[in-house]
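Please keep the structure in view while reading.

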Amino acid sequence: MEDSVNKIAVIGGGSWATAIVKILSDNLKEKEIFWWMRDEASVRHICKYQHNPNYLSSVEIKVKPENISTNVKDVISKADMVLLNVPAAFLKEALKDITADDLRGKKIISAIKGIVPDENQIIGEFMHSQFQIPLEDIVVISGPCHAEEVALEKLSYLTIACQDMNLACRFAQLINTRYIKTNSSDDIYGTEYGAVLKNIYAVASGICHGVGFGDNFQAVLISNAIREMSRFVDAIHPINRDIKESAYLGDLLVTSYSQFSRNRTFGNMIGKGYTVKSAQLEMNMIAEGYYAVNCIHQINKIHKVNMPIARAVYAVLYDKHAPNIEMKLLADELS
Ligand SMILES: NC(=O)c1ccc[n+]([C@@H]2O[C@H](COP(=O)([O-])OP(=O)(O)OC[C@H]3O[C@@H](n4cnc5c(N)ncnc54)[C@H](O)[C@@H]3O)[C@@H](O)[C@H]2O)c1
Ligand SMILES: O=P(O)(O)OC[C@H](O)CO
């Protein structure tokens, strides 16, 4: 991989996939980018106008038109690195025609922050168990970074997690740009679960805002959320990690406070009285936290970690408890 031109297949056509395509194009290392998205009309539009019509439409797309396709098998076959970037809930659907043979020998990069529903697996576990990808060939991209700020070339930091630190460093060299800096980590489980949990806490943050809590309470909520995240990731994968690093605390902060956060926006609508369906319809984007809280609820039946915030979000979204009452009950449990 080091000596030959890197061939990278980006799988997904949403905001983050579009931002990642921009980052890869702006990075100066020689590479060829292939891009899969499910929507034929979007492919045609991008090939003709060099802009994604639905997401980050200000970004100029520099991928060759012949490399953009709705044929996932074809796109994957041309690459040696496959960068997964569809919401976790749609990953199985996106890869339904792909076999372990199609992915043999390829490096898998996950930019997804979610859990595969029904399987209740983070992306690395899913790719390892379903496609026999060796764990050391799986790379996770995480950290506090909104696609919208990438479009504006605002300075951002990404964490590249991989059990093979050489691979983490090699991939980092493909995405470092003037506005993207990278850190490396070998904590693939903590990085993935941290990203999953921060989405749930952003939904909680939005619900609290929606029902009328202010900044003072929000600060207490987030202080409790980082401790809850720490308890859970330590129970799942107990290694020596600093939860204050950007991939954990940083991502929790950006998602809980930013105007760009999908999960916070979704939670805010729920707090204001929208149903889940109507909030989802209102957004052109996906709030991973909605799906993740159900998966974490199932996973935590085994681990039994004390998770009052995730429990409250689950109660509102899945047991249909009134958001204002549930958040007041939660407030009594926080300190
Ligand atoms: N947006 C960000 O700033 C950002 C940053 C880091 C990580 N991520 C992660 O990237 C992943 C992709 O999120 P995003 O923000 O790009 O998505 P998005 O919300 O911008 O776009 C939604 C995506 O989901 C697809 N989609 C919607 N309904 C679908 C369906 N029924 N079947 C199949 N696909 C469907 C759309 O085609 C689109 O690609 C998520 O795991 C997210 O957590 C996002
Ligand atoms: O803040 P959200 O909910 O849009 O999630 C996007 C990214 O995960 C932030 O790092």
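**From the recorded regions to the ligand sites**

Over residues 187–324, the chain of this predicted model is 75% helix and 0% strand, with its end C-alpha atoms 37 Å apart. This stretch is the one that UniProt, in an unreviewed entry, lists as "domain: Glycerol-3-phosphate dehydrogenase NAD-dependent C-terminal". The unreviewed UniProt entry also lists residues 7–167, under "domain: Glycerol-3-phosphate dehydrogenase NAD-dependent N-terminal". Over residues 7–167 the composition is 33% helix and 23% strand, and the end C-alpha atoms lie 15 Å apart.

The division of the protein into domains gives domain 1, residues 6–186, and domain 2, residues 190–333. Their centres, taken over C-alpha atoms, are separated by 25 Å. To the contact between them, domain 1 brings 24 residues and domain 2 brings 23 residues. On the side of domain 1 that touches domain 2, the elements giving two or more residues are α6 (123–131), β8 (138–142), β9 (156–162) and β10 (180–185). Of these, β9 gives the most, with three residues. By class, this side of domain 1 holds eleven nonpolar, eleven polar and two charged residues.

The strands β8, β9 and β10 also belong to an open sheet of eight strands. The order of the sheet is β3-β2-β1-β4-β5-β8-β9-β10, and its pairing is mixed. At the edges stand β3 (68–69) and β10; each has a single partner strand, so one side of each is left without a neighbour in the sheet. Within the sheet, β8 and β9 pair in the antiparallel sense over four bridges. Ile-141 stands opposite Ile-160 in β9.

Two helices can be followed across this part of the sheet. Helix α9 lies across β8, β9 and β10, and runs at about 40° to β8. Helix α11 likewise lies across β8, β9 and β10, running at about 140° to β9.

Which residues are closest to ligand 1? They are Gly-14, Ser-15, Trp-16, Phe-90 and Met-285, from a shell of 25 residues. Helix α1 (residues 15–26) gives the most to the shell around ligand 1, with three residues. The classes represented in this shell are 13 nonpolar, seven polar and five charged residues. Because domain 1 (6–186) and domain 2 (190–333) both give residues to the shell around ligand 1, this ligand lies between them.

Notes. Residues are numbered from 1 along each chain as its sequence is written. Chains are lettered from A and ligands numbered from 1 in the order in which they are written. This is a predicted model: local features need pLDDT of at least 70, side-chain atom pairs count only at pLDDT 80 or more; totals for chains, interfaces and linings use all residues. UniProt positions are given in the numbering used here, feature names are shortened, and annotations may be inferred rather than shown by experiment. Domain bounds come from an automatic or database domain assignment. Two residues are in contact if their C-beta atoms, placed from the backbone, lie within 7 Å. Ala, Val, Leu, Ile, Met, Phe, Trp, Tyr, Cys and Pro count as nonpolar, Asp, Glu, Lys and Arg as charged, and the others, Gly among them, as polar. A residue is near a molecule or strand if its C-beta atom, placed from the backbone, lies within 6 Å of it. Two strands pair if DSSP finds at least two bridges between them. Axes are lines fitted to C-alpha atoms, for helices over the stretch in contact, and angles run from 0 to 180 degrees between N-to-C directions.
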